[in-house]
Amino acid sequence: MQIYLDTANIDQIREGAKLGIISGVTTNPSLVSQEGTADYEAVVREICSIIPGPISVEVLVEGVEPMIEQAQLISSWAPNIVIKIPATSDGLEATSALAKEKIKVNFTLCFSLNQALLGALAGATYVSLFVGRLDDIGHDGMEVVKDIVEVFAHYKLATEVIAASIRHPEHCVAAAKAGAHIATVPYKVLMQMLQHPLTDVGVARFIGDWQGVSRK
Ligand code: E4P
């Protein structure tokens, strides 16, 4: 399973990139708006220059034609941009058109297997299942991820499944076990994935024991 960072924060992306395990980034208008700038293009271009992998960038308009036009514009900003299109009727139509133009689409805001299946049939490169938001309303988001992975594999659909709206490290464990191709995680969760108290205790003990003997 690949790990993407789910953020538009440049500092977090730079820090994450240093670890050498980040394959891509997903952003959305809410995440970009938290960065305190109205310059969408500048933020996107900077992210694309830091991470060479796929960078998902959402359209900011509704309607088939406006979405297609904006997708064409945004995808001209950098070669590694993937356009996020919402799982609506207009979004599906736009996804089909963009896929024909070889513009990569992340069919986003998916909450069901049916939405993901339609996105894949339209030619989306990725579908994003929002696990945490489903959990929030009492559903089991990861079960849906598991079902999508199984169905895509059964029908040999090339579309990759992104486990999105990840809230805690256990979601990453469950996403990997469910067979998600990608988990897109907030920076805080990425750091939590690495933390273990026994590792910290172990490092301190190894260093302490060695210092004890080397001082003799
Ligand atoms: C995914 O691409 C979205 O940006 C993100 O995972 C949404 O997560 P949230 O439910 O925490 O807003």
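## The chain as a whole

Helices here are DSSP runs of H or I with at least four residues, and strands are DSSP runs of E with at least two. Counted that way, the chain of this predicted model has eleven helices and eight strands.

The chain has 216 residues, and 44% of them count as buried.

## Where the ligand sits

Which pocket does the ligand take up? The space taken by the ligand is the largest pocket.

Let's walk around the shell. The residues surrounding the ligand are Asp6, Thr26, Asn28, Leu31, Lys84, Phe130, Arg133, Ala164, Ser165 and Arg167. Sorted by class, this shell holds four charged residues, along with three polar and three nonpolar ones.

## Polar contacts and cover

Lysine 84 places a polar side-chain atom 2.6 Å from an oxygen atom of the ligand. For aspartate 6, a polar side-chain atom and an oxygen atom of the ligand lie 2.7 Å apart. Asparagine 28 also takes part: an N or O atom in its side chain is 2.7 Å from an oxygen atom of the ligand.

How much of the ligand's accessible area does the protein cover? On its own, the ligand has 350 Å² of accessible area, and the protein covers 84% of that.

Terms used:
Residues numbered from 1 in each chain as written. Predicted model: local features only at pLDDT ≥ 70, side-chain atom pairs only at ≥ 80, totals over all residues. Heavy atoms only, no water. Near = heavy atom within 4 Å. Polar contact = N/O pair within 3.5 Å; in protein donor to acceptor, adjacent residues only side chain to side chain. Areas by Shrake-Rupley, 256 points an atom, 1.4 Å probe, with all protein chains shown as cover. 1 Å grid on protein atoms, 1.4 Å probe; cavity = no way out; pocket = protein on both sides within 12 Å on 5 of 7 lines; lining within 4 Å. Sits in = over half its atoms within 2 Å of the grid points. Nonpolar A, V, L, I, M, F, W, Y, C, P; charged D, E, K, R; others polar. Buried < 20%, exposed > 50% of the residue type's maximum accessible area, 1.4 Å probe, protein only.
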